[in-house]
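Q: I am new to this structure and would like to learn how to read some of its features. Could you take me through them one at a time?

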Amino acid sequence: MASLTSRLEHAIKPDALRAYLAEFISTFLFVFAAVGSAVASSEFVLWVFFSPSHCNFFFFKIFVIVIFVYFYWVLRNVGVQIAEKMMPDATTDPSALVAVAVANAFALSVAVYIAANVSGGHVNPAVTFGMAVGGHISVPMAIFYWISQLLASVMACLLFKVTTVSQHIPTHGIQQEMTGFGASVLEGLMTFTLVYTFYAARDPRRGPLGAIGPLVIGLVSGANVLASGPFTGGSMNPAYSFGSALIGWRFKNQAVYWIGPLIGAGLASVVYDNVVFAVQIADGIGV
């Protein structure tokens, strides 16, 4: 009882409250960008890249364009045959999926970076769950993290709907040829890679987090969107799926985006902390 009381007291300390606020802000920014990229057309994305008003970022734009073209080529020449069977609409404009993947990668990288030193930069209830399973965060704090993330996602989707006067907020859904079990497995696998990468990026044995850690986390998220986007939407984030489903009022298959990611995150935590990079006694074996 004393341990529980101390944990509850720790969960409402000023540092903890700042962490909840940091999670809210980062999750809000990520979900707003992710939803916006899903709604925006490929023409808008190209206009942003090539607009003369952004000429000061010439080299940055060249880098982004190279990545965009590369992913476009991969999707068009490798992934189209699969997407055509599962998602016919994706083949009509594969650049839209690439744009969403790039936006997710950049948005998540920024969201993790700006909150890393305050809250750890989870930006995702699945990541928080994995950290709780690994004992890196207490259960009471994890619950408050979840509340902050879910509230931020709902507010981001609501603000986007209000400001754009949009009658449709895109929600995650699975293809008709897939089962809920298959979709959960796919989301779980994608989340496993995300959380495993998150663990590796923040591991103090690899040195300070720096800027490369959030970038790596964002890149694996973008790659997962490319891989699973035509099938499940590539969520990997229960807060993102819940917020868009609540504002869009479409909860079909919502369990897929909770069960799969949470199981995948828990497995990633166990595998990283206890199997692959377990803390070892200094006996001449290992790093």
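Q: Is Phe-251 buried, exposed or partly exposed, and what is its relative accessible area?
A: In this predicted model, a residue counts as partly exposed when its relative accessible area falls between the cut-offs of 20% for buried and 50% for exposed. Phe-251 has a relative accessible area of 34%, so it is partly exposed. Trp-249, at 65% relative accessibility, counts as exposed.

Q: How many aromatic pairs does the structure hold, and how are the rings of a pair described?
A: The structure holds eleven aromatic pairs, and a pair is described by the distance between ring centres and the angle between planes, with planes over 60 degrees apart counting as edge-to-face. One of the pairs is formed by Tyr-199 and Tyr-272, which is tilted, with 5.6 Å from centre to centre and 40 degrees between the planes. Because Tyr-199 belongs to helix 9 and Tyr-272 to helix 12, this pair ties together parts that lie 73 residues apart in sequence. Both Tyr-199 and Tyr-272 are buried. The rings of Trp-249 and Phe-251, by contrast, have planes at 80 degrees and centres 5.3 Å apart, so that pair is edge-to-face.

Q: Which residues form one aromatic cluster?
A: Phe-24, Phe-28, Phe-32 and Phe-160 form one such cluster.

Q: Where does helix 10 bend, and why is it described as largely enclosed?
A: A helix can be read by its span, its bend and its burial. Helix 10, residues 212–232, reaches 28 Å from its first C-alpha to its last, close to the expected 30 Å, and it bends by about 40 degrees at Leu-226, with Pro-230 following within four residues. Of its 21 residues, 15 are buried, so helix 10 is largely enclosed by the rest of the structure.

Note on methods:
Residues are numbered from 1 along each chain as its sequence is written. This is a predicted model: local features need pLDDT of at least 70, side-chain atom pairs count only at pLDDT 80 or more; totals for chains, interfaces and linings use all residues. Side-chain values use heavy atoms; hydrogens and water are left out. Helices (H or I, at least four residues) and strands (E, at least two) are DSSP runs, numbered from the N terminus. The expected span of a helix is 1.5 Å times one less than its number of residues. The bend at a residue is the angle between axes fitted to the seven residues ending there and the seven starting there. Buried means under 20% relative accessible area, exposed over 50%, partly exposed in between (1.4 Å probe, protein chains only). Rings of Phe, Tyr and Trp (its six-membered ring) pair if their centres lie within 6.5 Å; planes under 30 degrees apart count as stacked, over 60 as edge-to-face and the rest as tilted.
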